[in-house]
Amino acid sequence: MGGTQDIKPLVLLYLYAIKNFNYGSKKCGRIISNTLLTNDLVVLIIITTRSADSVDKAKLGDNMRINTRFPVAVHLLVLVAIKGEDLTSEVIAKSVNTNPVVIRRINTLLKKANIITVKAGVGGTVLNRAPQEITLLDIYKAVRTSSNELIFDLHNNPNLQCPVGSNIHEALTEPFINAQEALENSLKNYTLADIADGIMAKYHAVNSKA
């Protein structure tokens with residue numbers, strides 16, 4: 001490229017494409033951009049709104065980490081438990097502030113674990129068991145895509161030529177396994193009803209003062 005004159009049209013085209021990005025029939029997120037061009041240096045600052053981030057999560061839903069997938073699953077199940085009516089993925093997604101695709105993928109995992117039923121047609125999610133019979137551990141195991149998936153991941157490709165890098169995985173394995181066991185032992189002591197009741201108690205306490 002020959003300096004800023006060649007770079008600037010590409011940057012402006014990129015910004016135009018991002019600003020006008022659509023997902024389905026809805027525009028997904030406002031983008032505020034600022035461009036600083038100095039010789040061949042382009043500094044591009046892009047601040048996206050949360051709705052745009054939700055589309056990224058929808059596209060990458062299958063790769064959502066367990067430490068995100070689990071609280072989203074609890075969120076949607078608490079909503080179903082409290083509402084006590086058939087809720088579509090679109091309605092649940094508004095509460096979670098994500099894309100319905102993310103909710104549908106998590107619903108698939110919960111359905112496979114026999115925690116919920118998703119009705120055909122218009123759709124709607126209902127619990128298969130009473131909230132007090134569903135533990136947080138049940139939910140955690142339902143959305144864990146592999147029995148080897150841990151709350152903490154070991155980082156990839158440490159430098160094997162370094163004394164720390166060559167031994168860090170082995171050194172962390174036991175503490176991580178112990179932490180995982182402690183987490184699961186804690187989760188089995190809480191039910192979906194505990195979480196739902198706590199939320200409603202807080203809601204009523206706040207609104208009674210209004």
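Q: Which residue forms a salt bridge with Arg 104, and how far apart are the closest N and O atoms?
A: In this predicted model, the partner of Arg 104 is Glu 90, and the closest N and O atoms of the salt bridge are 3.2 Å apart. Arg 104 belongs to helix α5 and Glu 90 to helix α4, so the pair ties together parts that are 14 residues apart in sequence.

Q: Buried or exposed, or something in between, for Arg 104 and Glu 90?
A: Arg 104 counts as partly exposed at 39% relative accessibility, and Glu 90 is likewise partly exposed, with a relative accessible area of 41%.

Q: What joins the side chains of Ser 89 and Arg 104?
A: Their side chains are joined by a polar contact of 2.9 Å. Ser 89 is found in helix α4 and is buried, because its relative accessible area of 9% falls under the 20% limit. Leaving out residues up to four places away in sequence, Ser 89 touches Pro 100, Ile 103 and Arg 104.

Q: OK, back to the salt bridges: how many does the structure hold?
A: The structure holds three salt bridges. One of them pairs Arg 129 with Asp 138, where the closest N and O atoms are 3.3 Å apart; Arg 129 is partly exposed at 27% relative accessibility, and Asp 138 is partly exposed at 30%. Another is the salt bridge in which the side chains of Arg 144 and Glu 184 meet, at 3.0 Å from N to O.

Q: Where in the chain do Arg 144 and Glu 184 sit, and are they buried or exposed?
A: Arg 144 sits in the loop between α6 and α7 (168–187), while Glu 184 is in helix α7, so that the pair links distant parts of the chain, 40 residues apart. Both Arg 144 and Glu 184 are buried.

Q: Switching to the nonpolar side, which residues touch the most other members of the largest nonpolar core?
A: That core has 32 residues, and Phe 70, Leu 77, Ile 92, Ile 106, Leu 110 and Ile 139 touch the most other members. The elements giving two or more residues to this core are α3 (66–83), α4 (89–96), α5 (100–112), α6 (136–143) and α8 (192–208), and the largest share, ten residues, comes from α3.

Q: And what is Ile 139 in contact with?
A: Setting aside neighbours within four places in sequence, Ile 139 is in contact with Phe 70, Ala 73, Val 74, Leu 77, Leu 110, Ile 115, Ile 134 and Leu 192.

Notes:
Residues numbered from 1 in each chain as written. Predicted model: local features only at pLDDT ≥ 70, side-chain atom pairs only at ≥ 80, totals over all residues. Heavy atoms only, no water. Core = buried A, V, L, I, M, F, W, Y, C linked by side-chain atoms within 4.5 Å. Buried < 20%, exposed > 50% of the residue type's maximum accessible area, 1.4 Å probe, protein only. Helix = DSSP H or I, 4+ residues; strand = E, 2+ residues; numbered from the N terminus. Contact = heavy atoms within 4.5 Å. Salt bridge = Lys/Arg side-chain N within 4 Å of Asp/Glu carboxyl O. Polar contact = N/O pair within 3.5 Å; in protein donor to acceptor, adjacent residues only side chain to side chain.
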